[in-house]
Amino acid sequence: MKGSTLTSHPNSFVSKLQEERLNRLRHRMKVYFDGSRPDHQEALRALWSATYAGKELHGLLSDQWKEMGWQGRDPSTDFRGAGFISLENLLFFAKTFSTSFQCLLKKQGGNRSTWEYPFAVAGVNITFMIMQMLDLDASVKPRTFIRSVFLQMLSENEWAFDLLYCVAFVVMDKQWLEKNATYMEFNEVLKSTRTQLERELLMDDVLRIEDMPSFTLLC
């Protein structure tokens with residue numbers, strides 16, 4: 001079994017590359033979703049196209065969005081907790097691991113609850129959970145060991161945050177099924193997901209997101 005000895009992981013020193021990539025990531029985290037911005041509108045359309053290939057979207061304000069798990073006909077109201085990066089994360093997931101994305105969207109795996117979590121809103125919550133776990137809003141010098149480990153991963157791959165998001169989503173769904181959870185237990189499942197991610201990130205031989213055992217759940 002993989003261990004969690006701390007000596008094999010990097011110390012708190014932050015390299016120039018890590019600092020540059022962290023600053024870019026922190027900048028992404030501070031961008032609020034703005035429905036009046038053409039690039040944000042285009043990102044929403046891109047998410048729809050990646051999710052429902054060949055199906056026409058009738059407008060950025062449409063009841064069609066509820067199919068994806070947004071709370072209403074205007075997805076922008078659900079981005080307030082995590083901002084534009086949560087939309088970027090969903091789009092990255094849809095394009096990079098389309099099979100897993102579609103399986104979770106359509107709730108195809110396992111014995112599902114009659115009161116399932118709303119897919120898209122769950123994704124926004126996962127983004128926010130990862131931001132808190134990694135403590136990325138803090139000053140440049142890492143305050144937690146998890147953050148030190150992640151900064152090393154970020155120097156290996158600029159898309160480490162987005163990859164971790166994809167892992168987190170499949171871990172969350174797996175935990176959801178194992179607990180036979182319903183929507184009222186979503187926060188509890190999110191907490192256990194965070195615990196699982198932290199455990200894997202601290203394993204001796206996990207030096208990249210792709211090394212995490214749960215990365216193998218993605219397809």
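I'll start with a pair: Arg73 and Asp63 meet through their side chains in a salt bridge, at 3.8 Å from N to O. A salt bridge here is a side-chain nitrogen of Lys or Arg within 4 Å of a carboxyl oxygen of Asp or Glu. Arg73 is partly exposed at 43% relative accessibility, and Asp63 is partly exposed at 46%. On that scale, buried means under 20% relative accessible area, exposed over 50%, and partly exposed in between, with a 1.4 Å probe and protein chains only.

This is a predicted model, where local features need pLDDT of at least 70, side-chain atom pairs count only at pLDDT 80 or more, and totals for chains, interfaces and linings use all residues. Residues are numbered from 1 along each chain as its sequence is written, and side-chain values use heavy atoms, without hydrogens and water.

The structure holds 13 salt bridges. Another one joins Asp173 and Arg112, with the closest N and O atoms 2.7 Å apart. Asp173 is buried at 7% relative accessible area, and Arg112 is buried at 17%. Arg28, Glu88 and Asp162 form a network of salt bridges.

Which residues does Ile209 contact, leaving aside its neighbours within four places in sequence? With contact meaning heavy atoms within 4.5 Å, they are Met153, Ala160, Leu163, Leu164, Val167, Leu201 and Phe215.
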